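Here are my notes on this model, in the order I would go through them. Have the structure open while you read.

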Amino acid sequence: MLRPLYLAASNLDSTMLRCRNFRVKMSSDAASPSTESRVVLGCGMSTIDFLATVDAYPKPDDKVRTTSFKIQGGGNAANALTCAARLGLKPKLISKVSDDAQGKGILKELEADGVDTSFLVVSKDASSTISYVLVDNQTKTRTCISTLGDPPMMPTDLSQSILLSAFDEARLVYFDGTSTETALFVAQEAARNNIPILVEAESMREGLDELLGLADYVVCSARFPQAWTQAPSIPSALVSMLLRLPNVKFVIVTLGEDGCIMLERSITESTDIEERDVDNVIESLYREKDDSLIIPTCISSTVTKLRTEGIGTVCGRLFVGTAEKIPAWELIDTTGAGDAFIGAILYAICANMSPEKMLPFACQVVAAKCRALGARTGLPHHNDPRLAPFIS
């Protein structure tokens, strides 16, 4: 899962993003997705999480007692779509579970939250994916140990007719970066059907390069951009990613308590736009931060030709987001924080939110999530008063 971050609104404007064969308007006055824009499709992991909190992470051979315990559905894609469903979207999930007790629990919980499970593959006499999550109350960190389900999901699990049915009315398709062989098969079909694609890039995986090549939007963990591009800094890595991925409209990297950075590609490129070093632009944005503020902020550049030595130049806008300073006694668990962020981004794209509105909205959702144990307990619903400034 991606690391948590929280942003607040700043000035709003309108930006136009071009998808493969049509235009998507991201406007500042958007509130809720229209009825025909609420369907999203996700492909990836669904699990059962066994969550235990402890006063401190145990040393080897230690015996410790939990301070709280919860069994709850998990998995990147399943969590993100649960978030999207609570916000008001109509998500469909492509994943694989077994007919064991864990698999039945996964299905029941997803259905209760409004996620369409018609496209989940259920294996007979197999095993579902299980995750053990140890939450350290002292450091506010979590350690995840996963036992993958068997057999894994494969492209042969999905027929052409099932895929076409899954794509029906889909406004967006999301991939969590797992089961990359199946994900690539589904993504290729989505691209052929001109459906925009969002890819989560959490860590280096076989097949992820090909999946990213089909993406329209990318959300990354802090470590991914430099690992994937070998660039000397995160800002220069984002420039490299947009140069290597010509279909991508924006890429966001989450930085935990340090907030996030977003690079949005500009559609039009005028000859009189200033060219600047991308690291210098980021530094200038960080100098605008007010560290005395508890609430999150979002600072953006103008459209600029962003240059990084030895890599190249891309025309776009940079956004720096600062994280909410949550009091220690309110921060309970960051499990699934990145999934909540992505679920909110799915909603924001469907609602045509501007980047300045999209980022703080997503981070408001994450802030709510982190105040409860587990990936789903604290996920807010559409009518949560904390979300009213963004979607009312």
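1. Helices (H or I, at least four residues) and strands (E, at least two) are DSSP runs, numbered from the N terminus. This is a predicted model, so local features need pLDDT of at least 70 and side-chain atom pairs pLDDT 80 or more, while totals for chains, interfaces and linings use all residues. Residues count from 1 along each chain as its sequence is written, and side-chain values use heavy atoms, with hydrogens and water left out.

2. The unreviewed UniProt entry puts "domain: Carbohydrate kinase PfkB" on residues 46-264 and 323-380. Residues 46-264 are 31% helix and 29% strand, with the end C-alpha atoms 30 Å apart. Residues 323-380 come out at 50% helix and 0% strand, and there the end C-alpha atoms are 18 Å apart.

3. On to salt bridges (a side-chain nitrogen of Lys or Arg within 4 Å of a carboxyl oxygen of Asp or Glu). The count is 10. One of them joins Asp216 and Lys249, at 3.0 Å from N to O. Asp216 sits in the loop between helix H5 (208-212) and strand E13 (217-220), and Lys249 in the loop between helix H7 (234-244) and strand E14 (250-254), so the pair ties together parts 33 residues apart in sequence. Both Asp216 and Lys249 are buried (under 20% relative accessible area; exposed is over 50%, partly exposed in between, with a 1.4 Å probe and protein chains only).

4. Arg307 and Glu275 also pair up, with their closest N and O atoms 3.2 Å apart. Arg307 is in strand E18 (residues 304-308) and Glu275 in strand E16 (residues 275-277), 32 residues apart. Arg307 is partly exposed at 27% relative accessibility, and so is Glu275 at 41%.

5. Lys289 and Asp291 form a salt bridge too, at 3.9 Å between the closest N and O atoms. Lys289 is partly exposed at 28%, whereas Asp291 is exposed at 55%.

How values were computed:
UniProt positions are given in the numbering used here, feature names are shortened, and annotations may be inferred rather than shown by experiment.
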